[in-house]
Amino acid sequence: MELNKKPWPLATVFGIRERIDTNPDYQRPPVWSKSQKQLLIDTILRGYDIPKMYWRKVDKNPDKYEVVDGQQRLRTIWEFMNGDFSLGKNADPVNGLDLKGITYNGNGKTVLPDDLRLSFDTYTLDVIVLTDTDEEEVREMFLRLQNGTSLKAQEKRNAMTGNMRDFVKQVASHKLFEHCKFDNARYTYDLIAAQMIKVELEGGSCNVKNADLNRMYEKNKDFDINGKKAKKVKSVLDFLLKAFPSKTPELERYSTVSLYLLTSHLMEKYAYSGTEESISKWFIDFETYRRDQKKLDIDSCDPEILSYHDRTSHSTDSEDSLSQRNEYLLRKYLEYNPTIELKDNNRMFTHEQRLAIYRKDKGMCQLHIICSGEKCDWDNWEADHVTPWSKGGKTIVENGQVSCPACNSSKGAD
């Protein structure tokens, strides 16, 4: 890699802006506030130095560049010269000239005086031009140059190399994300996509904090983007898109990951085909109920909803939080849709089905053979088939009932 320092007057940089890419895929999106932009322009008008920029030369005849470092400053300069904003009303004078509310091209009430325009146009940027570089060198330089800035963790991961990084970008472009409540500010779609991929790779709930995602990127640089796991991720998102085909404000960051977990589990274990509408209606009804419960005082609120809400507010990226949220949502969905069948129709009820059956029957024995419907402790009851499994009874919540051990033994073979 070769580095060459070159002076670039602002007028020249503005003139070739169509040949300068400020948004290569490792860059973060614009994040500067208006006050930050005004401060930069004020700095230039006063002739103060600003940090040098780094551009990578990517083509010639004509020369073309991509910005490795300095895109926020470059965008700001172009926006000012385009007349997109003016200086603030509290700007101090320069050489006796008033800068309050001043604009570059006359779109505002006050136009930049000719002397200041000349000094602005001829202000020289220090640009380091990179040539003979490869992709990995550029990304490494980008990360090093951003060290010490407020770059978010996902923005740093976006600058990594490898198949996992590319697959996350691919997943983040899925149309489902456009239907969620949150936007893609500072690569939020990529963050949620990475968390979904992580739980899929782990086969269920796990820690999806930044450190865990960093390790996933590093460990899976050779990830098979056409492999079984990758296809499963896409299938889950396709299913959820059918369930939520339009903008759905209930799809918040934490709930979208939880819905991914729920759907992934259903696709593995249950005959899920055709359940898109039921999942959509159940989830929106559930979120409506949860919002209504939040309006109540703590003594009147559903305690399970309180617990769920707490796990959506604190440590949302921890394995424990994800696991407990997923267990609760899966149980509530199975209560809502008790006829959903297991794929292999096993004789034994799953843990989630047992939970749903126990709640459905309020823990009370339904057989009434030995007892008269006693309350069973969670650690001392049996999940019994209403229509015996041996006679074609299905292993579904609707065909399950609570039985105390005594009544279950008296009933005999299922």
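Reply: Helix 3 is largely enclosed by the rest of the structure, because ten of its twelve residues are buried. Buried means a relative accessible area under 20%, exposed means over 50%, and partly exposed lies in between, with a 1.4 Å probe and protein chains only. Helices (H or I, at least four residues) and strands (E, at least two) are DSSP runs, numbered from the N terminus. This is a predicted model, in which local features need pLDDT of at least 70 and side-chain atom pairs count only at pLDDT 80 or more, while totals for chains, interfaces and linings use all residues. Residues are numbered from 1 along each chain as its sequence is written, and side-chain values use heavy atoms, with hydrogens and water left out.

The buried residues of helix 3 are Gln71, Gln72, Arg73, Leu74, Arg75, Thr76, Ile77, Trp78, Phe80 and Met81. The helix covers residues 71-82, and the distance from its first C-alpha to its last is 16 Å, close to the 16 Å expected at 1.5 Å a residue. The expected span is 1.5 Å times one less than the number of residues. After helix 3 comes Gly83, which has a positive phi near 85 degrees.

Strand 4 (residues 64-69) is also mostly covered, with five of its six residues buried. Two strands pair if DSSP finds at least two bridges between them. Strand 4 runs parallel to strand 2 (residues 20-21), and two bridges join them. On that side, Tyr65 of strand 4 is the bridge partner of Ile20. With strand 3 (residues 53-59), strand 4 pairs in the antiparallel sense over five bridges. Here Tyr65 is the bridge partner of Lys57. The hairpin of strand 3 and strand 4 has four residues between the strands, and Asn61 in this hairpin takes a positive phi near 55 degrees.

The chain as a whole comes to 16 helices and nine strands. Of its 414 residues, 48% are buried. The radius of gyration of the chain is 30 Å, whereas a compact globule of 414 residues would have one near 22 Å. That radius is taken over C-alpha atoms, and the globule rule is 2.2 Å times the number of residues to the power 0.38. Along the principal axes, the C-alpha atoms fill a box of roughly 100 × 50 × 35 Å. Contact means heavy atoms within 4.5 Å. Among contacts between residues at least 6 apart in sequence, 69% join residues at least 24 apart.

Lys269 gives an example of residues brought together from separate parts of the sequence. Lys269 lies in helix 11 (residues 253-269) and is partly exposed, with a relative accessible area of 43%. Its C-alpha is separated by 8.7 Å from that of Glu341, 72 residues apart along the chain. Leaving aside neighbours within four places in sequence, Lys269 is in contact with Glu341, Leu342 and Lys343.

Finally, the cysteines may be considered. A disulfide is a pair of cysteine sulfur atoms within 2.5 Å, and a search of the whole structure finds zero disulfides. Cys180 is in none, and the nearest cysteine sulfur, that of Cys206, is 19 Å away. The sulfur of Cys407 is 3.5 Å from the closest cysteine sulfur, in Cys404, which is too far for a bond. Cys180 has 0% relative accessibility and therefore counts as buried; Cys407, at 0%, also counts as buried.
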